[in-house]
Amino acid sequence: MAQRVVFHIGLMKSGTTFIQGRLNANRARLADQGILFPGPSWARHVRAVSDLMQAKNRKPGSWASLTEEINDHPGTAIVSMEYLAPMGGPRIAALRRAFPDTEVRVAVTVRDLGRSVPAMWQEAIKNRRTWEWPEYVRSIETGGDAGDRFWRQQHSARIVRRWASGVGAENVHIVTVPPPGAPGETLWNRFGEVAGITPDSWDEAPRANESLGAASTLVLRELNLATEDLPLAAYKKKVKALGKHVMGKRRREEDPIGFVVPDWLRQESQKIRNQLERSGAPVVGDLDDLQPLDVAGIDPTQVDDRAQRDAAVAALAGALRQVRRIS
């Protein structure tokens with residue numbers, strides 16, 4: 001029986017890829033500390049959580065297989081999957097029941113909303129959404145499909161409250177993402193404090209899920225509109241893969257998506273901070289880290305046609321280099 005299971009539930013765009021990559025790359029070193037990060041790869045966590053959530057394309061038995069391995073482990077186990085964050089009460093209860101005699105600890109990594117808004121917009125575009133930038137920001141303020149999705153994934157106080165109801169507030173740990181300029185290991189060390197990971201020399205994982213520049217994000221949005229007839233599987237294999245493996249590599253050649261935090265978001269962020277403070281959940285880091293920050297870059301509405309053309313040509317050239325033959 002596991003002594004402890006740590007569920008890293010996100011939030012999305014809060015350093016999850018970095019944490020998952022490092023855990024995945026250092027499975028043997030973690031094992032030396034008595035910590036299980038189930039493998040053979042992080043994809044197993046995706047399959048297990050999808051099965052728990054009864055997703056349409058789940059692989060039945062994946063959750064049972066993961067819980068069986070964890071329950072056979074005598075130390076600490078870590079599961080990391082950001083789809084867990086917005087999960088509802090009944091599924092949280094099912095998760096808790098899978099480990100009846102084990103300490104369940106939840107790590108919620110939280111980033112300031114100033115940086116989260118542009119990050120979540122380009123992530124939405126990478127996943128086939130077609131919202132224009134002004135439409136996206138307006139929906140976060142006033143409501144609508146885009147805004148509802150954003151808050152379901154980013155309203156940390158609601159997420160903490162829901163998980164606290166299922167596992168106890170004392171077991172939900174708020175891990176704040178440090179502001180730019182902080183030492184590079186800060187987030188990892190904060191997460192490690194929750195997970196019980198002691199310092200070591202860690203192998204670095206390959207970079208994954210690169211953010212897109214502003215021009216490439218706009219080009220990908222147009223591609224989403226132009227390929228609406230593609231089945232989802234074909235979209236993921238072709239268009240989404242293009243964004244991930246080709247367009248993401250161009251990020252440093254483009255202006256990033258810029259964002260000046262509006263007053264209404266600062267006010268909402270303060271409300272959320274106050275709710276987190278009252279939640280009873282322990283904080284690792286500092287809630288002051290959640291002060292929303294302006295993001296340097298270009299407003300997507302100001303990206304000129306030339307920049308978008310260059311991004312489109314670069315994407316096409318990159319794709320053609322990976323195609324053996326066009327017939």
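Here are some questions and answers about the predicted model shown above.

Q: How many helices and strands does the chain have?
A: Let's start with the secondary structure of this predicted model. Helices and strands both occur in the chain. The count is 14 helices and six strands.

Q: What is the radius of gyration of the chain, and what does the globule rule give for 327 residues?
A: The chain is as compact as a globular protein of its length, because its radius of gyration is close to what the globule rule gives. Along the principal axes, the C-alpha atoms fill a box of roughly 60 × 50 × 40 Å. The radius of gyration is 20 Å, and the rule gives 20 Å.

Q: Among contacts between residues at least 6 apart in sequence, what percentage join residues at least 24 apart?
A: A contact here means heavy atoms within 4.5 Å. Counting pairs at least 6 apart in sequence, the share that joins residues at least 24 apart is 80%.

Q: What percentage of the 327 residues is buried?
A: A residue is buried when its relative accessible area is under 20%. As for the surface, the chain exposes about 15,900 Å², with carbon and sulfur atoms supplying 49% of that area. The buried share of the residues is 48%.

Q: How far apart are the mean positions of the positive and negative charges?
A: The chain carries 46 positive and 39 negative charges.

Q: Which residues have the most contacts inside the largest nonpolar core?
A: Nonpolar side chains tend to be buried together in soluble globular proteins. In this chain the largest nonpolar core has 73 residues. Apart from it lies another core, of 18 residues, including Phe 191 and Val 284. In the largest core, the residues with the most contacts are Phe 7, Leu 84 and Trp 163.

Q: Which residues does Phe 7 touch, not counting residues up to four places away in sequence?
A: Phe 7 is one of the residues with the most contacts inside the largest nonpolar core. Leaving out residues up to four places away in sequence, Phe 7 touches Trp 63, Val 79, Leu 84, Leu 95, Phe 99, Val 104, Arg 105, Val 106 and Ala 107.

Q: Which elements do the buried residues of α1 pack against?
A: Helix α1 spans residues 16–25. Its buried residues are Thr 16, Ile 19, Gln 20, Gly 21, Arg 22 and Leu 23. These buried residues pack against β1 (4–8), α2 (27–32), β3 (76–80), β4 (103–110) and α10 (186–195).

Q: Is Lys 13 buried or exposed?
A: Lys 13 is found in the loop between β1 and α1. Its phi is positive, near 60°, although Lys 13 is a residue other than glycine. Because its relative accessibility is 14%, Lys 13 counts as buried.

Q: What is the relative accessible area of Gln 54?
A: Gln 54 sits in the loop between α3 and α4 (62–71). Gln 54 is not a glycine, yet its phi is positive, about 60°. Gln 54 is partly exposed, and its relative accessible area is 40%.

Q: Which residues does Thr 227 touch, not counting residues up to four places away in sequence?
A: Thr 227 is in the loop between α11 (214–226) and α12. With 14% relative accessibility, Thr 227 counts as buried. Thr 227 and Val 239 are 12 residues apart in sequence, and their C-alpha atoms are 8.3 Å apart. Thr 227 touches Arg 128, Tyr 235 and Val 239.

Q: What distance separates the C-alpha atoms of Lys 249 and Asn 171?
A: Lys 249 is in the loop between α12 and α13. Lys 249 is exposed, with a relative accessible area of 68%. Lys 249 and Asn 171 are 78 residues apart along the chain, and their C-alpha separation is 39 Å.

Definitions and conventions:
Residues are numbered from 1 along each chain as its sequence is written. This is a predicted model: local features need pLDDT of at least 70, side-chain atom pairs count only at pLDDT 80 or more; totals for chains, interfaces and linings use all residues. Side-chain values use heavy atoms; hydrogens and water are left out. Helices (H or I, at least four residues) and strands (E, at least two) are DSSP runs, numbered from the N terminus. The radius of gyration is taken over C-alpha atoms; the globule rule is 2.2 Å times the number of residues to the power 0.38. Buried means under 20% relative accessible area, exposed over 50%, partly exposed in between (1.4 Å probe, protein chains only). Accessible areas come from the Shrake-Rupley method with a 1.4 Å probe; for residues, only the protein chains shown count as cover. Lys and Arg count as positive and Asp and Glu as negative; His and the chain ends are not counted. The place of a charge is taken as NZ of Lys, CZ of Arg, CG of Asp or CD of Glu. A nonpolar core is a set of buried Ala, Val, Leu, Ile, Met, Phe, Trp, Tyr and Cys residues joined through side-chain atoms within 4.5 Å.
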